[in-house]
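The exercises below concern one protein chain. Please examine its sequence and model before reading the solutions.

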Amino acid sequence: MEPVAAVHAGRQLLDPVLMAHGFCFQLAGAGNSSGGAFAAARYTARDREMAFSYRQAIGCVTYACGGPQVSHGDLMRLLGVASVSRFAWFDRTVPMAGFEALALDIQTYLQPFTRGTDAEARAFLYRDD
């Protein structure tokens, strides 16, 4: 599936999870590079941002809230759920599997980021523990 088309198809899975909490979608870029065709997108709400890229599958998911980006994998490790994160184990040969897995992880583990205040989201993302 062509990356921009895949990103727009993946919105069917991510929009309900994020837009219900005030996030807006933006296609951040698309083109070709040495790795092939790609697309980049983000969801933003106030100071919060969830960004991702897509080549043959969704990848490089990051979160930020007025500070540095935190990768999805690092956040799952920090929360102690890396071994059960759906996104870590999705089938990369199925184009929408990554979007489905990411939506499930967001719903299950990232409510302070999606539903909390910006201060709560910052404390969630940038904690020291």
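The model is predicted, so local features require pLDDT of at least 70 and side-chain atom pairs count only at pLDDT 80 or more, while totals for chains, interfaces and linings use all residues. Residues are numbered from 1 along each chain as its sequence is written, and side-chain values use heavy atoms, with hydrogens and water left out.

**Exercise 1. Overall fold**

Describe the secondary structure and the dimensions of the protein chain.

Step 1. The protein chain has five helices and five strands; these are DSSP runs numbered from the N terminus, with helices (H or I) of at least four residues and strands (E) of at least two. Along the sequence, the pattern reads α-β-β-β-β-β-α-α-α-α.

Step 2. Along the principal axes, the C-alpha atoms fill a box of roughly 40 × 30 × 25 Å.

Step 3. Of the 129 residues, 40% are buried, where buried means under 20% relative accessible area, exposed over 50%, and partly exposed in between (1.4 Å probe, protein chains only). Among contacts (heavy atoms within 4.5 Å) between residues at least 6 apart in sequence, 49% join residues at least 24 apart.

**Exercise 2. Helix H1**

Locate the kink in helix H1 and identify what covers the buried residues of this helix.

Step 1. Helix H1 spans residues 3-18 and has a kink of about 45° at glutamine 12, shortly before proline 16. The bend at a residue is the angle between axes fitted to the seven residues ending there and the seven starting there.

Step 2. The buried residues of H1 include Val7, Gly10, Leu14 and Leu18. Their cover includes strands E1 (24-33), E2 (36-45) and E3 (48-54), together with helices H3 (97-109) and H4 (111-115).

**Exercise 3. The nonpolar core**

Which residues have the most contacts inside the largest nonpolar core?

Step 1. A nonpolar core is a set of buried Ala, Val, Leu, Ile, Met, Phe, Trp, Tyr and Cys residues joined through side-chain atoms within 4.5 Å.

Step 2. The largest such core has 37 residues, and Leu14, Met50, Phe52 and Tyr63 have the most contacts inside it. Two or more residues come from each of H1, E2, E3, strand E4 (58-65), H2, H3 and helix H5 (118-125).

Step 3. Beyond its neighbours within four places in sequence, methionine 50 is in contact with residues including Leu14, Leu18, Tyr63, Ile106 and Phe113.

**Exercise 4. Individual residues**

Are histidine 72 and cysteine 60 buried or exposed?

Step 1. Histidine 72 lies in helix H2 (residues 72-79) and is buried, with a relative accessible area of 3%. Leaving out residues up to four places away in sequence, histidine 72 touches Val61, Tyr63, Ser85, Phe87, Leu102, Asp105 and Leu110.

Step 2. Cysteine 60 belongs to strand E4 and is exposed, at 61% relative accessibility. Its phi is near 50°, a positive value in a residue other than glycine.
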